[in-house]
There are 2 protein chains.
Amino acid sequence: MQRTRFGDMACSIARTLDVIGEPWSPLILRDVYVGIDRFEQIQADLGISRKVLAERLKWLVEAGVLERRQYETRPPRYEYVLTAKGVELVDLLMVMVAWGDKWADDGAGPPVLYRHRSCGQVSHVELRCAHCGESMRAGDVEILPGPGAAA
Amino acid sequence: MQRTRFGDMACSIARTLDVIGEPWSPLILRDVYVGIDRFEQIQADLGISRKVLAERLKWLVEAGVLERRQYETRPPRYEYVLTAKGVELVDLLMVMVAWGDKWADDGAGPPVLYRHRSCGQVSHVELRCAHCGESMRAGDVEILPGPGAAA
DNA sequence: CACGCTCAGTTCCTTGAGGGAACCCCTTAA
DNA sequence: TTAAGGGGTTCCCTCAAGGAACTGAGCGTG
């Protein structure tokens, strides 16, 4: 299918998609995040083709988002764990959850709830400005060319 | 390639991916968001195949994320605009930008900067709890089964 | 010791989606 | 009358996703 690679574009969205834009990748990350972290488990949970799963895992490891760790020598058993880079990608998943819960509900309510430990409430994420802490969303920003902009 | 449809999974991430998980879809949304909102413009900007662009636009319109609007009758000219549902997907893009700027920088610095209008600073988004306003990220939540969980 | 089981992949074949170029229709401009 | 531009559609080719079968290492059990 000779898919276009996004990694070389002068766009942080494209570069992020280069890492987790392939189908299945975000779902693999979600699984690892919730503790479904071995090959067989992920395959069974997602119903993904074993071939594609092997490819994706290799790619995510090379991208530095997951780490393949042997947690048992005899017999050799492996698990995948999120790196620091990968943990921050979970932010993306949490925003997807918030959007999906709101706009792609099938009428049965959210399949999963998230309780915020520090306040104890079932809640969801919201976007704030890292600088002033106020809401920062689509209409709240002005877009400027940055130093890495293309010629 | 008989791609697996994610829409029926009991997972809000999968359902979100069903809408914008195909390659190119987030980049199309980004373009529309920044004002590159006509077929020819998007095609030229992204270098996407015209066939795939037509498919994606139709899908995004059917999903209620974009609206196809005729803004000129003679000659007939169309533009694509974000719906309310689509505008909230831009949240996702802003998180991708924040991640990409941090973890997929090519050394030249961010290609695009975002100035938060209300505080005037060039900034990026951060995730907070919609309930208490404190930081809410991967390690800050406890996951519970919700009403829409699968049997 | 042979048999079976689990984990973690790899190999193979088939199908269909992405890429790319060419083509089409409509309208205005020269 | 021809050209140009916008907004697609049609066509063919290639290569990735799906799916099932196979491999191989290491227990565990009679």
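Arg128(A) has Glu126(B), a residue of S4(B), as its bridge partner. The strands involved, S4(A) and S4(B) (residues 125-129), pair in the antiparallel sense over 5 bridges; two strands are taken to pair if DSSP finds at least two bridges between them. The model is a predicted one, in which local features need pLDDT of at least 70 and side-chain atom pairs count only at pLDDT 80 or more, whereas totals for chains, interfaces and linings use all residues. Residues are numbered from 1 along each chain as its sequence is written, and chains are lettered from A and ligands numbered from 1 in the order in which they are written.

The contact comprises 74 residues from chain A and 74 residues from chain B, two residues being in contact if their C-beta atoms, placed from the backbone, lie within 7 Å. On the side of chain A that touches chain B, at least two residues each are supplied by H1 (12-20), H2 (25-34), H5 (84-103), S3 (112-116), S4 (125-129) and S5 (141-145). Helices (H or I, at least four residues) and strands (E, at least two) are DSSP runs, numbered from the N terminus. H5(A) provides the largest share of this side, 16 residues.

Chain A is superposed on chain B by a rotation of 180° with 0.0 Å of shift along its axis (RMSD 0.0 Å); the two copies are thus related as by a two-fold rotation axis. The superposition is by least squares on the C-alpha atoms of residues with pLDDT of at least 70 in both copies. Of the residues of chain A, Leu127(A) comes closest to the rotation axis, its C-alpha lying at 2.6 Å. The same surface serves both copies, as 100% of the contact residues of chain A recur in chain B.
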